[in-house]
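Thanks for coming. Please have a look at the sequence and the model, and then I will go through a few places in turn.

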Amino acid sequence: MSHQDCIFCKIVKGEIPCSKVYETGAVLAFLDIAPVNKGHVLLIPKEHFEDVWALPPALAPELLDAIQRVGLGLKQGLGALGMNLGMNNGRAAGQLVFHAHWHLIPRFEGDGLTL
Ligand code: 5GP
Ligand code: ZN
């Protein structure tokens with residue numbers, strides 16, 4: 001099921017372009033349009049779920065596998081030394097797009113980022 005006005009559903013459908021990084025049957029990862037650091041990736045279930053509590057637990061293995069694969073690819077490909085992995089759930093927590101997503105933010109020596 002997709003939500004008509006959801007930006008990430010439009011990305012899944014190809015109605016809005018994205019820089020795709022990784023894809024499986026149920027998961028899509030693409031570069032954040034406003035990266036807070038080099039290689040900032042968003043990873044989403046293709047199906048629309050508003051936040052972490054709406055996600056079916058059966059999706060968890062595929063999501064974790066994708067997070068690990070994309071994260072490892074970023075570490076090896078970009079030479080990242082570490083990675084912030086985060087998720088905003090709810091407006092009060094800074095969620096702006098209400099289609100559940102993980103932020104993968106590679107970290108580099110002396111990048112000065114404070115998250
Ligand atoms: P949130 O605050 O909801 O966790 O983060 C939403 C993220 O989606 C932000 O980092 C923002 O830059 C990113 N974003 C919003 N619209 C688009 C878009 O159309 N394409 C891409 N690639 N990222 C987007
Ligand atoms: Zn959506």
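Two residues count as in contact if their C-beta atoms, placed from the backbone, lie within 7 Å. This is a predicted model, where local features need pLDDT of at least 70, side-chain atom pairs count only at pLDDT 80 or more, and totals for chains, interfaces and linings use all residues. Residues are numbered from 1 along each chain as its sequence is written, and chains are lettered from A and ligands numbered from 1 in the order in which they are written.

I start with H101. UniProt, in an unreviewed entry, lists H101 under "active site"; UniProt positions are given in the numbering used here, feature names are shortened, and annotations may be inferred rather than shown by experiment. H101 sits in the loop between β4 and β5. Strands here are DSSP runs of E, at least two residues, and helices are runs of H or I, at least four, numbered from the N terminus. Is H101 buried or exposed? H101 is buried, because 24 other C-beta atoms lie within 10 Å. The cut-offs are 20 or more for buried, 12 or fewer for exposed, and partly exposed in between, with C-beta atoms placed from the backbone. Leaving out residues up to four places away in sequence, H101 touches F8, L42, L43 and I44.

Next, the strands. Two strands pair if DSSP finds at least two bridges between them. Strand β5, residues 102-107, pairs with β3, residues 41-45, in the antiparallel sense over 3 bridges. In that pairing, L43 has W102 as its bridge partner in β5. Strand β4, residues 82-86, also pairs with β5 in the antiparallel sense, over 5 bridges, and there L85 stands opposite L104.

Now the core. A nonpolar core is a set of buried Ala, Val, Leu, Ile, Met, Phe, Trp, Tyr and Cys residues joined through C-beta atoms within 7 Å. The largest one has 22 residues, and A29, F30, V41, L43, V70 and L104 touch the most other members. At least two residues each come from α1 (7-13), β2 (27-31), β3, α2 (60-78) and β5.

For contrast, take L115, in the segment after β5. L115 and L104 are 11 residues apart along the chain, and their C-alpha atoms are separated by 12 Å.
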